[in-house]
Amino acid sequence: MTTQAAIGAIGKIATPYKTLAECPRNIDLDGPLCELVLREDLRDGLLGLSVGQRILILYWFEHVDRSAIRQNSRRTGELAGVFALRTPNRPNPIGAAVLPIENISDGVISVRGLDCLNGTLLLDIKPAMSGE
C-alpha cells in the first residue's frame, strides 16, 4: 500500500547546535534554551498557550537514513525495530518532544533542551495531554 501525505512547516527551530556531532541524542529538560519561531501568518495560533504549559512539539529531522528499519539501540546495544526506538533514522523522520514553555513573545516560544539542529523545520505544536 502506497500512501502520500503533504505536510508543510509552520516555522523553524533555533538551537545552539550547528552540526550533528554537537546535537544531543535526546531531549534534555535542563538543556539550553531553544526557540520555536513561527511563520508570521500563523502567530495568532499561539493564543491560549501559557508559560509553564507543556506542549508537544513535532519537527523534521534532516540528514537521516530513511531506510534503516532495524537498528541497534544506543542505550542497550540490542537490535530493535525503528518503531521501538527514538532514533531520527526512520521512514518519516519526525521528531517529537514534550516540553514546558519557558516564554512566549512575538510569535516565538522558548523551551529547553531540544535535540535538533539550528534551522530544523517545525511541523506542529499541540498542548500536551496529561499522562505524557
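Predicted model: local features only at pLDDT ≥ 70, side-chain atom pairs only at ≥ 80, totals over all residues.
Residues are numbered from 1 along each chain as its sequence is written, and side-chain values use heavy atoms, with hydrogens and water left out. Local features need pLDDT of at least 70, side-chain atom pairs count only at pLDDT 80 or more, and totals for chains, interfaces and linings use all residues.

Start with the sheet. Seven strands form an open sheet in the order β6-β3-β9-β1-β2-β8-β7, and their pairing is antiparallel. Strands here are DSSP runs (E, at least two residues), numbered from the N terminus. Two of them pair if DSSP finds at least two bridges between them.

Now look at the edges. β6 (94-100) and β7 (103-105) stand there. Each has a single partner strand, so one side of each is left without a neighbour in the sheet. From one strand to the next, the twist averages 30°, an angle taken on a scale from 0 to 180 degrees between N-to-C directions of lines fitted to C-alpha atoms.

Next, take one pair. β2 (residues 33-38) and β8 (residues 108-112) run antiparallel and share five bridges. Leu-36 stands opposite Ile-109 in β8.

Finally, find Thr-15. The loop between β1 (11-14) and β2 holds Thr-15. Thr-15 is buried, at 6% relative accessible area (buried means under 20%, with a 1.4 Å probe and protein chains only). Leaving out residues up to four places away in sequence, Thr-15 touches Cys-34, Cys-116, Leu-117 and Asn-118 (contact means heavy atoms within 4.5 Å). A polar atom of the Thr-15 side chain lies 3.2 Å from the backbone nitrogen of Tyr-17. The backbone nitrogen of Asn-118 lies 3.0 Å from a polar atom of that Thr-15 side chain.

Conventions. Helix = DSSP H or I, 4+ residues; strand = E, 2+ residues; numbered from the N terminus. Buried < 20%, exposed > 50% of the residue type's maximum accessible area, 1.4 Å probe, protein only. Polar contact = N/O pair within 3.5 Å; in protein donor to acceptor, adjacent residues only side chain to side chain.
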